[in-house]
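Please keep the sequence and the structure in view while reading.

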Amino acid sequence: PGTVTIIGAGQGGFQAAISLRQNGFEGAITLIGDEPGLPYQRPPLSKVYLQDGKAEALYLRPESFFEAKRIDYLPGTRVEAIDRAAQRLTVLRDGAEKSLPYDHLILATGTRNLRPPIEGIAHACDLRTLTDAQRLREKLDQPARIAVIGGGFIGLEFAAVARKLGHEVAVIEAAPRLMARAVSQRMSDHFADLHRGWGTALHLGQPAVAVEPAGVTLADGTGVTADFVLVAAGVRPNVELAEAAGLAIDNGVKTDARLQTSDPAISALGDCASFPDPRGRGHIRLESVQAATDHARLIAKRLAKGDTDPYGALPWFWSDQGACKLQIAGYATPDAAEEEIAAGIVGRFDERGLAAIETIDNARAHMRARKLIASPEPVTRADLEEIAA
Ligand code: FAD
């Protein structure tokens, strides 16, 4: 293709641009993002950035890089429509509409925060963008009582930092356990103990029903006093542009094994993409830096070099909560069975066998787990025991 245009300048969109050049692509690259400023990393927003406030440390590359690599980066620019027949985009920048051409289009639009239908939720804060994190940092300047709606990774990472900074923190989770979508019961229990030990109040199995100036009311009538409320209750993929353009959607923009959408001139990656699991578990959508960047690398190779390899990277993930690092190799659905392999190491199993391994503060075991899950050989008991050795 002569011109590759990328919608979304987050982790995956940025990686696609840089990988295209690394693979020798000589055509024009346009990277369009609706956020202001330079592309940045999101994971530190709920971790170190809340403490040190160093935005410079988040930027993926300095401004000069984009010029040097001939990447036409358009921040503060929102794509409003895709005209697939004409291969053109309608974009909105500084209040003015423009039309931009593409030969190949990459959808890297990510997700947006889900706002559960809770009365008064409009008053709650979000943590998705650098702007959100900057606002939260200002609120953390003064001693505060904070309620966090959502006991997933982001809510818990934020809660751990806020406690460390001396704030009073309560986490409200509708499910009976923490991080229930992503980790085993054992890990949920382990992290519940940790957070309680740090002095955070956990309200599990009770959905929030109202956000008021005085705090949050739970379904059973309990009142949680709070000066401000953070809502971290999951996300929705940004698929509306693709849907309006008539692309296939399946809990994300649906792709084939090469990350091509139902239109061969359009690829999709990262948080917004629903792709075939290389390990045969159907179409999946992952929310991780690993998936976004590995997807981007594969698409770039295909466009620059004509590679036709299917996507096969192993999913992996991490979450830092307080001083504790949780790592996950592989991908398991919430109903996967679990088994403790050794202290702090839990295996997840489904009908296809070993699906994922969770480890705590154990980088070595995590790396071994990645190798084991990636290997095509059937996994034996001895293999599992070796992870902890
Ligand atoms: P994003 O990085 O979300 O980028 C999508 C971009 O597209 C956004 O900037 C969006 O504004 C823009 N966009 C959307 N629609 C349009 C449009 N129409 N026009 C122009 N631009 C548009 N993952 C981990 O693996 N480990 C972690 O520890 C971790 N911690 C996290 C902590 C926080 C606070 C958050 C928010 C996320 C965290 N994640 C973590 C998830 C990780 O950041 C995402 O999986 C990753 O950023 C996905 O990359 P992406 O390129 O698909 O989407």
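This is a predicted model: local features need pLDDT of at least 70, side-chain atom pairs count only at pLDDT 80 or more; totals for chains, interfaces and linings use all residues.

**Pairing of strands**

Two strands are said to pair if DSSP finds at least two bridges between them. Strand 17 and strand 19 (residues 273-276) pair in the parallel sense, over two bridges.

These strands belong to an open sheet of three strands, which has the order 17-19-20 and mixed pairing. Strand 17 (253-254) and strand 20 (283-284) each have a single partner strand and stand at the edges, so one side of each is left without a neighbour in the sheet. In general, the strands of a sheet pair through backbone hydrogen bonds, either parallel or antiparallel.

Strand 1 (residues 3-7) and strand 2 run parallel and are joined by five bridges. Within this pair, Val-4 has Ile-29 of strand 2 as its bridge partner. Strand 2 (residues 28-32) is mostly covered, with four of its five residues buried.

**Two hairpins**

Strand 4 pairs with strand 5 (residues 88-93) in the antiparallel sense, over six bridges. In this pair, Arg-78 stands opposite Leu-92 of strand 5. The hairpin of strand 4 and strand 5 has four residues between the strands, and Gln-87 takes a positive phi near 50 degrees there.

Strand 5 is also joined to strand 6 (residues 96-101), by six bridges, and these two strands run antiparallel. Leu-89 has Leu-100 in strand 6 as its bridge partner. The hairpin of strand 5 and strand 6 has two residues between the strands, and in it Asp-94 takes a positive phi near 50 degrees.

**Domains and annotation**

The domain assignment gives domain 1 (3-112 + 235-305), domain 2 (115-231) and domain 3 (323-388). The C-alpha centres of domain 2 and domain 3 lie 28 Å apart. Their contact takes nine residues from domain 2 and nine residues from domain 3. On the side of domain 2 that touches domain 3, there are four nonpolar, three polar and two charged residues.

An unreviewed UniProt entry places the feature "domain: FAD/NAD(P)-binding" at residues 4-296. Over residues 4-296, the chain is 24% helix and 29% strand, and the end C-alpha atoms are 13 Å apart. The feature "domain: Reductase C-terminal" is placed by UniProt, in an unreviewed entry, at residues 316-385. Over residues 316-385, the chain is 24% helix and 47% strand, and the end C-alpha atoms are 20 Å apart.

**Surroundings of the ligand**

Which residues come nearest to the ligand? Of the 37 residues around the ligand, these are Gly-8, Gly-10, Gly-12, Gly-110 and Gly-270. By class, the shell divides into 15 nonpolar, 15 polar and seven charged residues.

Helix 1 (11-22), strand 4 (77-83), helix 8 (289-305) and strand 21 (316-321) each supply at least two residues of this shell. Domain 1 and domain 2 both give residues to the shell around the ligand, so the ligand lies between them.

**A loop residue**

Ala-219 is placed in the loop between strand 13 (215-218) and strand 14 (223-225). Leaving aside residues up to four places away in sequence, Ala-219 touches Gln-206, Pro-207 and Val-209. Ala-219 and Ser-288 are 69 residues apart in sequence and 32 Å apart in space, C-alpha to C-alpha.

Definitions and conventions. Residues are numbered from 1 along each chain as its sequence is written. UniProt positions are given in the numbering used here, feature names are shortened, and annotations may be inferred rather than shown by experiment. A residue is near a molecule or strand if its C-beta atom, placed from the backbone, lies within 6 Å of it. Ala, Val, Leu, Ile, Met, Phe, Trp, Tyr, Cys and Pro count as nonpolar, Asp, Glu, Lys and Arg as charged, and the others, Gly among them, as polar. Domain bounds come from an automatic or database domain assignment. Two residues are in contact if their C-beta atoms, placed from the backbone, lie within 7 Å. A residue is buried if 20 or more other C-beta atoms lie within 10 Å of its own, exposed if 12 or fewer, and partly exposed in between; C-beta atoms are placed from the backbone.
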